[in-house]
Amino acid sequence: MSTVIHPVVAAPSRARTTLFAASFGFLMVSLDATIVNVALPTLGRRLGAGLTGLQWVVDGYTLMFAAFQLIGGSLSDRLGARRAFATGLSLFVLASLACGLAGTPGVLIAARFVQGLGAAVQLPASLAMIRHAYPDASARSRAIGVWAAAGGAAVAAGPVLGGLLLASLGWRSLFLVNLLIGGVGLLMTSRADATPAARGRPLDLPGQTAVVLALCGLTFGFIEAGRLGWASPPVAAALATAVACGVFFVWWERRASEPLLPMRLFARPVFSAASVAGFAQNFAYYGIVFLLSLFLQNERGDSALATGLIFLPMSIAAMGSNMLGGRLTARLGPRAPMIGGQLLFAGGLLTLLVAGTGASNPVIWLATVPVGIGAGAVVPAMTSAVLETVEPGHAGVASAELNTARQVGGAVGVALFGGLVAGDLGHGLRLSLAIAAAALLLSATAAARWVRSAPRDRARRPATAPEPARPGPPR
């Protein structure tokens, strides 16, 4: 009797442990980004970094996060998600230690690059772990809501925790706190559900090289354009390299026998819409938070803690919306949360634009709470959409593609908006708000066109059944 009952009781417990470990990893990755934003003016003063150096502190991490997620997803599928997750988490913790001990901007930026590499291996593996632990689509949507809420909790706590640590223990503690969080995450990972490995699939080195060069060129071009000018030879060469490598990547992936990113996935409308939404989401969110952090502290004279408190209502709204978005996606499918969330997000940014740079704190809160609600609702919807669209053997690479799109969006947002404020922070902020809102409205239009409403029973169907092919957007 005991041999029959034991698997039934143990499986849900092991699944919850897996979800907890995956969520802890996502929390650490998200916390790191938000803590650093509120500390940017302090880092500039203590380490002697200018605006371009501060952009690299943010985008050095984001660039590697984006550039290596596809190969991170492949490693997750090839080696097993739990093993890949533990490897990425360990690398992230070691790089955080190096960040905390850095004495110059160059050392800090280099350590941030390594942090991004660890996150790139860890994050797609965390979603693949959830994909394996929750084979039922409805249960998985709710689990992804919990995973997304962990990131939302980090976003909520990050600015305030960053301000407190900065005031009490100094800027180095913002990175060293990851040693504690990462240690707990590794302990939980050792107890998580083991995941199968799909050995025998070779790594696509030409494709990975093209991705890295394309993203490095794009990020370098946008960041350095603010200092050197858009027509300068280094900027022009970097952007030309990005375009050439991007074209080569698409050409190569269509012909490779074992592609890093199967191009056929983009023939599925839901997958394409989720990718567009992921880019627009982070493009708007991280770009605007970067500028607002600088504006509130450098122009208005607010402290890091006061800045964190200004962001707090938005972050709490995002955390609650993550949970609600997961439940709405499980019940209604991804269409409504994706469209509605992006419209709310854009509406909040346009409210900030109308209020202007002289807006009081209550007005900022009134505008940013819809930003948090909208952003929080979209994440579990687009993540569930991607995982339901692909077969289990491609869960890691599909998750990596979505998160690559998100991180590329964040890197481009910080780089582009940072360049726009090089001369006038107030004018650049207003222009950036308009651009970010336009990107979200275009993405919501794509979701309305490419994502179809799902009946309730479709959200509950077995995850192993791939979505039937339908005519999609041009490749």
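Okay, let's start with a cavity lining: for the second largest cavity, the lining residues split into nine nonpolar, two polar and two charged. The classes here are Ala, Val, Leu, Ile, Met, Phe, Trp, Tyr, Cys and Pro as nonpolar, Asp, Glu, Lys and Arg as charged, and the others, Gly among them, as polar.

Before I go on, the ground rules. This is a predicted model, where local features need pLDDT of at least 70 and side-chain atom pairs count only at pLDDT 80 or more, while totals for chains, interfaces and linings use all residues. Numbering runs from 1 along each chain as its sequence is written, and side-chain values use heavy atoms, with hydrogens and water left out.

Back to that cavity. Its volume is about 130 Å³. Of the 13 residues lining it, Leu 292, Leu 352, Gly 356, Thr 357 and Leu 429 are the closest to its centre. H11, H13 and H16 each put at least two residues into the lining. Searching the whole structure turns up eight cavities of 30 Å³ or more. Points are joined across faces, edges and corners, and the volume is the space filled by probe spheres set on them.

Now the overall picture. We've got 17 helices and zero strands; these are DSSP runs, H or I of at least four residues for helices and E of at least two for strands, numbered from the N terminus. Of the 475 residues, 59% are buried, and buried means under 20% relative accessible area, exposed over 50%, partly exposed in between, with a 1.4 Å probe and protein chains only. Take the contacts between residues at least 6 apart in sequence: 85% of them join residues at least 24 apart. Contact is heavy atoms within 4.5 Å.

On to H13, residues 335-355. How far apart are its end C-alpha atoms? They sit 31 Å apart, which agrees with the 30 Å that 21 residues should span at 1.5 Å a residue. That expected span is 1.5 Å times one less than the number of residues. Buried residues in H13 include Pro 337, Phe 345 and Leu 352, and what covers the buried ones includes H11 (269-299), H12 (304-332), H14 (361-389) and H16 (425-450). After H13 comes Gly 356, with a positive phi near 85°; Gly 356 is also one of those residues closest to the cavity centre.

In H16 we find Ser 432. Is Ser 432 buried or exposed? Buried, because its relative accessible area is 0%. Leaving out residues up to four places away in sequence, Ser 432 touches Ile 288, Leu 291, Phe 417 and Leu 420.

Compare Leu 91 in helix H5, residues 81-101. Leu 91 counts as partly exposed because its relative accessibility is 29%. Beyond four places in sequence, Leu 91 contacts Val 114, Leu 117 and Gly 118.

Last item: there's one salt bridge, meaning a side-chain nitrogen of Lys or Arg within 4 Å of a carboxyl oxygen of Asp or Glu. Arg 300 and Asp 302 make it, at 2.9 Å, N to O. Arg 300 is partly exposed, at 31% relative accessible area.

Key
1 Å grid on protein atoms, 1.4 Å probe; cavity = no way out; pocket = protein on both sides within 12 Å on 5 of 7 lines; lining within 4 Å.
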